[in-house]
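Good morning. I will take a few minutes to walk through one structure, so please have it open on your screen.

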Amino acid sequence: MPSPCSCMSFNPETRRLSIGLDNGTISEFILSEDYNKMTLVKSYQAHQSRVIMILFVLEMEWVLSTGQDKHFTWHCSESGQRLGGYRTSAGACGLQFDVETRHVFVGDHSGQVTILKLEQESCSLVTTFKGHTGGVTALCWDPIQRVLFSGSSDHSIIMWDIGGRKGTAIELQGHNDKVQSLSYAHHTRQLISCGADGGIVVWNMDVERQETPEWLDSDSCQKCDQPFFWNFKQMWDSKKIGLRQHHCRKCGKAVCGKCSSKRSSIPLMGFEFEVRVCDSCHESITDEERAPTATFHDSKHNIVHVHFDATRGWLLTSGTDKVIKLWDMTPVVS
């Protein structure tokens with residue numbers, strides 16, 4: 001290759017291998033039936049700098065790509081002709097496509113997800129949304145339930161209900177480091193997330209999940225009315241020392257440490273680990289509501305890349321330890 005390879009996309013049906021390079025070029029090869037030979041079909045300059053992601057869409061004969069030049073582009077895989085492009089707010093590292101509606105989802109380093117409607121030679125901006133405090137590191141689209149999952153360097157996953165058109169966003173907290181990959185098993189409605197912490201988490205998405213509440217603002221504890229440390233007037237009037245502000249993860253109220261001394265997991269809200277809750281919410285959470293909706297597995301290496309084969313139930317992980325591991329996921333995804 002004329003430049004180091006940065007990403008690739010393989011289509012088994014056509015045996016077409018698309019490879020993105022550091023110099024912005026995309027090279028396309030056709031592999032022989034016995035996989036012992038690869039023939040270069042064409043190369044084209046897709047970006048001004050490193051290609052980050054490639055997605056080949058067989059139904060449209062399109063090659064979608066994102067680059068470090070902050071551009072999303074798509075080309076005709078037959079002619080190599082550039083069909084269009086769009087400049088994102090930051091470098092994009094998440095890319096998904098819905099064949100039915102021709103919508104493309106682009107997640108970038110600023111934490112924003114952009115939805116574009118693609119035509120044969122033009123694209124239009126549908127909407128943008130942002131829910132992560134870190135950059136988007138992975139995207140996964142479920143065309144059946146019409147939901148988009150986004151993973152981030154902020155350790156969280158958000159499920160965006162695109163098809164419901166109500167703006168519902170469900171948060172999932174199950175990693176201690178950035179989320180590296182997301183895969184979805186449509187037949188069982190389970191999400192598989194892998195993180196840099198080495199964790200493989202299998203989420204049951206066939207449950208009625210709840211949105212996390214927005215955090216409320218207040219100058220005093222919304223439980224005991226004690227002033228927070230910036231509320232000088234109330235501190236002076238009541239002759240009391242100001243307290244530090246916390247938030248209950250279940251109701252979103254601003255509370256002091258004394259009124260939120262307990263911890264609890266709230267799996268239906270995506271909190272598989274114990275989080276801060278106010279005392280009254282802690283009493284209201286039942287044992288049924290504490291029942292986990294995810295299973296946790298230790299891969300014992302810092303996961304960098306993942307591929308999930310849904311038909312066989314196999315998961316392939318590669319890590320910074322230079323080891324590739326193959327997992328039989330059928331005991332947990334079946």
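I will go through the record's annotations, then a hairpin, some aromatic rings, and a sheet.

First, the ground rules. This is a predicted model, where local features need pLDDT of at least 70, side-chain atom pairs count only at pLDDT 80 or more, and totals for chains, interfaces and linings use all residues. Residues are numbered from 1 along each chain as its sequence is written, and side-chain values use heavy atoms, with hydrogens and water left out.

Now the annotations. UniProt, in an unreviewed entry, lists "domain: FYVE-type" at residues 215-286. UniProt also places "repeat: WD" (unreviewed entry) at residues 129-162, 172-213 and 296-329. Positions are in the numbering used here, feature names are shortened, and annotations may be inferred rather than shown by experiment.

Residues 215-286 are 18% helix and 22% strand, with end C-alpha atoms 23 Å apart. Helices (H or I, at least four residues) and strands (E, at least two) are DSSP runs, numbered from the N terminus. Residues 129-162 are 0% helix and 62% strand, with 11 Å between the end C-alpha atoms. For residues 172-213 the figures are 0% helix, 50% strand and 13 Å.

Next, the hairpin. Strand β9, residues 92-98, has seven of its seven residues buried; buried means under 20% relative accessible area, exposed over 50%, and partly exposed in between, using a 1.4 Å probe and protein chains only. β9 pairs with β10, residues 103-108, in the antiparallel sense over six bridges. Two strands pair if DSSP finds at least two bridges between them. Glutamine 96 in this pairing stands opposite phenylalanine 105 in β10. Four residues separate the two strands, and arginine 102 in the turn has a positive phi of about 60°.

How many aromatic pairs does a search of the whole structure find? It finds eight. One of them is phenylalanine 72 with tryptophan 74, stacked, 5.9 Å centre to centre with 20° between the planes. Rings of Phe, Tyr and Trp (its six-membered ring) pair if their centres lie within 6.5 Å; planes under 30 degrees apart count as stacked, over 60 as edge-to-face and the rest as tilted. Phenylalanine 72 is buried at 0% relative accessible area, and tryptophan 74 is buried at 0%. Ring pairs link Trp62, Phe72, Trp74 and Phe97 into a cluster.

Last, the sheet. Three strands form an open antiparallel sheet in the order β25-β26-β27. β25 (303-309) and β27 (324-328) are at the edges with a single partner strand each, so one side of each has no neighbour in the sheet. Five bridges join β26, residues 314-319, to β27, and serine 318 stands opposite isoleucine 324 in β27.
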